[in-house]
Amino acid sequence: MILLPVPKKMEEKQGSYQMRLNHMIVVDASCEQGAFLYARMLKDEICTWAGMELAVGRGTLRKGDILLKTDDTLGRQQYTLRINADGVLLCAGSLDALGWAVQSMRQIVRQCAGVLPELVIEDEPAQQNRGFYYDLSRGRVLTLESLKRLADTMAFYKLNQLQLYVEHTYLFRDLTEVWRDETPLCAEEIMELDQYCSDRGIELVPSLSTFGHLYKLLSTKSFSAFCEMPDSAGEAFSFLDRMNHHTINVSEPGAVSLIKDLILEYMQLFRSDKFNICADETFDLGKGRSKALAEEKGIGSLYMDHILELFDFLIAHGRTPMFWGDIIVKYPELYARIPKQVICLNWGYCATQRDYETKVLHEAGAVQYLCPGACGWNTWVNKLKDSYENIKRMCSYAGKYGAIGILNTEWGDFGHINQLVFGIPGMIYAAAGSWSQELLSYEELNRQISILQYGDTSGRLLDLFGRVDAQTVFSWNQAVCLKEGVQKQMAQEGLREIFWKEDWSDGPARNACILELEKELFVISRSMDSSSRQVVECAYVAMEAVRLWNETGLYFYHTHQGEKPKGGMELAAELERCLRAYQKLWRRMGKEAGLGRISEVFCWYADVLRDLAQEG
């Protein structure tokens, strides 16, 4: 039996329970009204996998019924699930825990249809806060329907917190200059998502960039004076500059008032009592307009003064502030100034992530969430092995240093090229690790996710996903940096550093491996449930992108070596066909958002390939 996350205690017994048409899903009088949604979820799962439509109701329990019940003798995070020949009992200490019991029951039905094994489950999570953080600014803006499907998947794996990273992708009423050429989420969409998540036991926590990473805001004519570095208005777009610059000028008196206004407008859309101000990667702080102030007070004090004013503002409005811990960990002696209720989001994304930052913040008195990564940034398919190892370490550090939550992150650096489907495995890794603080082996967990999430009875799909990124020679990061370096007339030494650090000799072998992986994908697809096969197209297009960018890098490399490679015109056309297929997949899930920026990179390379081919 596959159950993810793995229950704290499960005992399988002899015998079975068989569903019949006269059985009902009964919601006990002890349950809150919200239990009806969970009963409907279970009904739909049974209808889909057992082909039987059981009625939902309240009232007298009869033999063979499935009962949903709450019991205040259980802890609020506890549930039990008992299946025997006479019926099924799902009992929990709260509505949220009852929802987790239902998710376990749904997973059992998904595997066993209408004949379920007798068993007893007693379960509760190790971490109270188990979240997923999705970048909704640097490329992708998912549609409301896609965000709802994400929430459904989170609920299925018992996650209970969602944060969406927003810089400029919310339609602030007075920031027309910021979103005029964007496709942002509006207030109505946020409020509807907030309700949808709440109904499923998920807290939608607002997350708004308020210090660094404010490219769109600080490059406008109206607000460029608030940028730490001068002359930000009207800059040509650059993926690299967008990541490295655009920090608030804290010496500008009106800057903090502007940020407070944005926070106040945004927070009112959410029922959550938390608010994440981000405040990470303030790379430019003290290097431009606030340099004199930094020399007088110190960088650490400049940073602290800004975030403390925002913390006080949020606390005065009844919110618990959250912020990223990458800057404050450099100044642990200042942490005592931070109010006790503030939550520090301590991120670290390496497969061999150390515990140094966690220990430093713990000793400084920080209340922490530990924040690992799904490792999808700058990749066509997420680095699953790195994500697994990173999450495993961070979950263990959470237990060791008393963290109060796990918030797994999926960032979108340089356009957010990877499809959401490839971030789901990492999301499930962290759901499993935060529930029990232990993980199955990488191979076994991938097998179980392949079966449970993607309906792949062979259990091989995630093993294939995990081998794709290793075939990359010419990465998206390199492609973007080389393009932008050429356009900015970067010195040849800098271009060589970007481009020639790879060993290009094994490029053909890696592309041959990609072709074999594509064949393997289609073999695996025969073992997949038809409702999950849309992932096959996503995987195929991603693998084609890896192969074609490798080919493009090899073409440039051989040209640089003084050779005259053939096939440039054909390769340009292949890139454009791949882009067309990619655009179609993007638009299924998201708004237009940053798709045009990604398309520009494809088209620039296609044009250069044709120029080189004609010169040859």
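This passage describes the overall build of a predicted protein model and some of its local features. Residue numbers start from 1 along each chain as its sequence is written. In this predicted model, local features need pLDDT of at least 70 and side-chain atom pairs count only at pLDDT 80 or more, while totals for chains, interfaces and linings use all residues; side-chain values use heavy atoms, without hydrogens and water.

The protein comprises 21 helices and 15 strands. Both are DSSP runs numbered from the N terminus: helices are H or I with at least four residues, strands are E with at least two. The chain has 616 residues and a radius of gyration of 26 Å. A compact globule with 616 residues would have a value near 25 Å, so the two agree. The radius is taken over C-alpha atoms, and the globule rule is 2.2 Å times the number of residues to the power 0.38. Along the principal axes, the C-alpha atoms fill a box of roughly 80 × 60 × 40 Å.

Buried residues account for 59% of the 616. Buried denotes under 20% relative accessible area, exposed over 50%, and partly exposed the range in between (1.4 Å probe, protein chains only). The protein exposes about 24500 Å². Carbon and sulfur atoms supply 48% of that area. Areas were computed by the Shrake-Rupley method with a 1.4 Å probe; for residues, only the protein chains shown count as cover. Contacts (heavy atoms within 4.5 Å) were examined between residues at least 6 apart in sequence. Of these, 77% join residues at least 24 apart.

The protein carries 66 positive and 83 negative charges. Their mean positions are 3 Å apart. Lys and Arg count as positive, Asp and Glu as negative; His and the chain ends are not counted. Each charge is placed at NZ of Lys, CZ of Arg, CG of Asp or CD of Glu.

Strand β6 (residues 87-92) is mostly covered, with five of its six residues buried. Strands pair if DSSP finds at least two bridges between them. Strand β4 (residues 66-70) pairs with β6 in the parallel sense over five bridges. Within β6, Val88 stands opposite Ile66. Strand β5 (residues 79-84) runs antiparallel to β6, and six bridges join them. Here Thr80 has Cys91 of β6 as its bridge partner. β5 and β6 form a hairpin, with two residues between them.

The peptide bond from Leu4 to Pro5 is cis, with omega near -5 degrees. Pro5 lies in the segment before β1 (9-18). Lys158 sits in the loop between α3 (144-156) and β9 (161-166). Lys158 counts as buried because its relative accessibility is 1%. Cys375 belongs to the loop between β14 (367-371) and α12 (384-400). At 5% relative accessibility, Cys375 also counts as buried.

Thr282 is placed in the loop between β11 (274-276) and α9 (291-297). Its relative accessible area is 8%, so Thr282 is buried. Leaving aside neighbours within four places in sequence, Thr282 is in contact with Phe211, Gly212, Thr247, Tyr303 and Ile327. Ile108 is 174 residues from Thr282 along the chain, and their C-alpha atoms are separated by 47 Å.
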